[in-house]
Amino acid sequence: MAAVELIMPKMGESIIEATILSWSKAVGDAVDVDETVLEIATDKVDSEVPSPVAGVLVEIRFEVDAVVPVGQVIAVIDTEPGASAKPNASAKPNASARSSAPSEESASPETSGTSGSTTGPAAGVAEVPQEVMTQVEAPLRAAQTLLSSESTGPVSRIGDDGRFYSPLVRKIASEEGISQRELESISGSGHEGRVNKQDVIGFLSQRASGKGESVRVPASPDAGPAATSAAPMSKPTATHVAMPGDEIYEMDRMRRLIADHMVQSVQTSPHVTSFVEADVTALWRWREGAKSTFERTHGEKITFTPIFVEAVVKAILDFPMINVTVSGNQIVRRRQINIGLAAALPSGNLIVPVIKEANLLSLPGLTRAVNDLAGRARTNKLKPEDIQGGTFTVTNVGTFGNVMGTPIINQPQVAILATGAIRKRPAVLETPDGDVIAIRHMMFLSLSYDHRVVDGFLGGSFLRRVADYLEAFDPNRSV
């Protein structure tokens, strides 16, 4: 058998695992190159995983709802022309993989990139070399030791509350001295209420600050008074008091993940928002006069968004320290300028596709990229790579008729720009003959930034520069 391992793909620099939503193929099914084998989901996007080769699916290693680390082998495809299309009895998911969580050998993100097999050879396959078997058996033995440990720390896979705790969560809990009882008190925002990394980080922040609501942990029958002490929850929540006529809707998976991402951002970055007003009359008149010619020439309808992106890129080149991220006590300056565009989905949820290296694109190129990403976002056809690698985000709240907004930073970035609606109103103009009042097209720009690394001078200067570029738009610019 010429076996090819299907690996859980890397979905972004901050993504270490993904949830299997469904298998499009069953064991024994034939698959073509680039044909979808399964669908997966992260906290960013749902995506299809295609087959890299043509052959027969002979092994599935994780069932639906399993949370699998990036780099883990999730299936095996036989590429030999004469491969049998009958299911292999040994090709069923391992019992250890039936829980909706990664296997025990991936105890930390540093080890999740390996692609070695985690199970023994299938029936009928040539004997695996001893050195490979040693690598396979070692983590399994370690997992067995971990499961049989009688330590009082949070090492059990399933807590008394019935929730599964991933190896990464348990590792953080162990390093930070979080007991099993405290771990079980954390409100989970993951799949089916599981506790994820962000929940644990939020719990640690609340514990360090002494803030947040607390939850009383039920005492075990043989527990002393200490067992009933209160432990803080990761995210305080308001209590719902039922009122006549109330309708209750369960958050879908994406909305829960967005909510968690927003809370994490506010907990991570001290947000400051600055505002400026810009006179974009010249820009408005140019677009009104050029949009028909632009579409005939470039085959694309031009909106204001690519013009805004162009001004942002120019300002980033002037103030490169706005295009950074924070890693511990280090500031990482990004070479690439990748602009994320916050887009609303038909479901009402939000997604942020990214224009890669926007500084290398002309205005027609930016227009083409904006229209392509927006169109595929509306039809749910974005790929994982379309939402990865953003270094700065623009959100157009003017689309909804709003004049300004205070957006939340898209982690791990340090700034996000909101563009408001363009309105006609009277404004004072300075002329050689004195001040006059004229009707102008005006708009507000607002910048939320991470005050850990972006001070008011940098944030305010950058925002003013974006406005300056918009106000200085050449009304005679060629199409």
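The legends below describe close-up views of a predicted model.

**Figure 1. Confidence along the protein chain.**
The mean pLDDT of the protein chain is 78, with 73% of its residues at 70 or more. Confidence is highest in helix H7, at 98, and lowest in strand S10 (residues 230–232), where the mean is 36. Residues 94–156 have a pLDDT below 50, and beyond near neighbours in sequence this stretch makes 97 contacts in the model. Over residues 211–234 the pLDDT also stays under 50. For residues 211–234 the model has 41 contacts beyond four places in sequence. Where pLDDT is low, the predicted coordinates should not be read in detail.

**Figure 2. The salt bridge between glutamate 35 and lysine 25.**
This pair is one of 14 salt bridges in the structure. The side chains of glutamate 35 and lysine 25 meet with an N to O distance of 2.7 Å. The two residues are 10 residues apart and sit in separate loops: glutamate 35 between strand S3 (30–31) and strand S4 (36–41), lysine 25 between strand S2 (17–23) and S3. Lysine 25 counts as buried because its relative accessibility is 16%, under the 20% limit. Glutamate 35 has a relative accessible area of 25% and is therefore partly exposed.

**Figure 3. Aspartate 34 in the loop between S3 and S4.**
Aspartate 34 is placed in the loop between S3 and S4. Its phi is positive, about 70 degrees, although the residue is not a glycine. Most residues other than glycine have a negative phi. Aspartate 34 counts as exposed, at 58% relative accessibility.

**Figure 4. The salt bridge between arginine 465 and aspartate 318.**
An N to O distance of 3.1 Å separates the side chains of arginine 465 and aspartate 318 in this salt bridge. Arginine 465 belongs to helix H9 (residues 456–471) and aspartate 318 to helix H7 (residues 305–318), so the pair ties together parts that are 147 residues apart in sequence. Both partners are partly exposed: arginine 465 at 29% relative accessibility and aspartate 318 at 33%.

Arginine 464 and glutamate 471 form a salt bridge in which the closest N and O atoms are 3.3 Å apart. Arginine 464 is partly exposed at 30% relative accessibility, and glutamate 471 is partly exposed at 33%.

**Figure 5. An open antiparallel sheet.**
The sheet consists of 4 strands in the order S1-S8-S6-S3, with antiparallel pairing. Strand S1 (3–7) and S3 are the edge strands, each pairing on one side only. S3 and strand S6 (residues 55–60) run antiparallel and are joined by 2 bridges. In this part of the sheet, valine 31 stands opposite glycine 55 in S6.

**Figure 6. Strand S18 and its parallel partners.**
Strand S18 (residues 392–396) is largely enclosed by the rest of the structure, because 4 of its 5 residues are buried. Strand S14 (residues 339–341) runs parallel to S18 and is joined to it by 3 bridges. Within this pairing, glycine 340 has threonine 393 of S18 as its bridge partner. S18 is also joined to strand S19 (residues 415–419), again parallel, by 4 bridges. Here valine 394 stands opposite leucine 417 in S19.

Asparagine 380 lies in the loop between helix H8 (363–378) and S18. This residue has a positive phi of about 60 degrees although it is not a glycine, and at 64% relative accessibility it counts as exposed. Proline 412 is located in the loop between S18 and S19. The peptide bond from glutamine 411 to proline 412 is cis, with omega near 5 degrees. Most peptide bonds are trans.

**Figure 7. A nonpolar surface patch.**
Phe275, Val403 and Met404 form a nonpolar patch on the surface, and together they have about 240 Å² of accessible area. Phenylalanine 275 is part of strand S11 (residues 271–279). At 39% relative accessibility, phenylalanine 275 counts as partly exposed.

Definitions and conventions:
Residues numbered from 1 in each chain as written. Predicted model: local features only at pLDDT ≥ 70, side-chain atom pairs only at ≥ 80, totals over all residues. Heavy atoms only, no water. Salt bridge = Lys/Arg side-chain N within 4 Å of Asp/Glu carboxyl O. Buried < 20%, exposed > 50% of the residue type's maximum accessible area, 1.4 Å probe, protein only. pLDDT = per-residue confidence, 0-100. Contact = heavy atoms within 4.5 Å. Patch = residues over 30% accessible without salt bridge, like charges linked within 9 Å, V, L, I, M, F, W, Y side chains within 5 Å. Areas by Shrake-Rupley, 256 points an atom, 1.4 Å probe, with all protein chains shown as cover. Pairing = 2+ DSSP bridges.
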